[in-house]
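Thanks, everyone, for making time this morning.

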Amino acid sequence: MNQKFQEYMQKVADYIHMEYGDSEFNNDMTMDEKYVLKMIGETFYQNNDSPINAANDMMRYLKDNRAWMKHNVQ
């Protein structure tokens, strides 16, 4: 990862921490979830979009994915 992308993702992480605090999504992330979050971050970064928008999409993805998994898998 290049330094600028790392800085961008740090801003995303800072916003998530500020807005969502210690969320239950921070624990036990699957490799698939980590990959999707990285892809969301890269997409927003490449489009020069706000870290806030990336953070909100990431949290929305995790919420929706966890709900789907709970309903369909567990």
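Let me begin with the pair α1 and α2, which pack at an angle of about 110 degrees, their axes lying 10 Å apart. Please keep in mind throughout that this is a predicted model. Angles from 65 to 115 degrees count as roughly perpendicular, and α1 and α2 are therefore roughly perpendicular to each other. At the place where they meet, α1 contributes Lys4, Phe5, Tyr8 and Met9, while α2 contributes Leu37, Lys38, Gly41, Glu42, Phe44 and Tyr45.

Staying with α1, this helix has 18 residues and reaches 25 Å from its first C-alpha to its last, which is close to the 26 Å expected at 1.5 Å a residue. Its buried residues are Phe5, Tyr8, Val12, Tyr15 and Ile16. Seen down the axis of α1, these buried residues fall within an arc of 105 degrees, so they line one face of the helix. Just after α1 comes Gly21, which takes a positive phi of about 65 degrees.

Now for α3, which runs over residues 51-72. How far does α3 reach from its first C-alpha to its last? The helix has 22 residues and reaches 31 Å, close to the 32 Å expected at 1.5 Å a residue. Ser50 caps its N-terminal end, with a side-chain oxygen lying 3.0 Å from the backbone nitrogen of Ile52. Buried in α3 are Ala54, Ala55, Met58, Met59, Leu62 and Asn65, and, viewed down the axis of α3, they fall within an arc of 135 degrees, so they too line one face of their helix. Those buried residues pack against α1 (3-20) and α2 (31-46), while Lys63 and His71, on the other side of α3, are exposed.

I would like to finish with two residues of α2, starting with Glu33, whose place is in that helix. Is Glu33 buried or exposed? Residues under 20% relative accessible area count as buried, so at 2% relative accessibility Glu33 counts as buried. Which side chain does Glu33 join in a polar contact? The partner is the side chain of Arg66, at 2.7 Å. Leaving aside neighbours within four places in sequence, Glu33 is in contact with Asp28, Tyr61, Leu62, Asn65 and Arg66, and among these Leu62 and Asn65 are themselves buried residues of α3. For a sense of distance, Glu33 and Trp68 are 35 residues apart in sequence and 13 Å apart in space, C-alpha to C-alpha.

The second residue is Lys34, which is also found in helix α2. At 44% relative accessibility, Lys34 counts as partly exposed, whereas Glu33 counts as buried at 2%. Lys34 and Ala54 are 20 residues apart in sequence and 14 Å apart in space, again taken C-alpha to C-alpha, with Ala54 being one of the buried residues of α3. I am happy to go back to any of these places on the screen.

Notes:
Residues numbered from 1 in each chain as written. Predicted model: local features only at pLDDT ≥ 70, side-chain atom pairs only at ≥ 80, totals over all residues. Heavy atoms only, no water. Helix = DSSP H or I, 4+ residues; strand = E, 2+ residues; numbered from the N terminus. Expected span 1.5 Å × (residues − 1). Buried < 20%, exposed > 50% of the residue type's maximum accessible area, 1.4 Å probe, protein only. Arc of directions from axis to C-beta. Contact = heavy atoms within 4.5 Å. Polar contact = N/O pair within 3.5 Å; in protein donor to acceptor, adjacent residues only side chain to side chain. Axes fitted to C-alpha atoms, helices over the stretch in contact; angles between N-to-C directions. Parallel < 35°, antiparallel > 145°, perpendicular 65-115°, else oblique.
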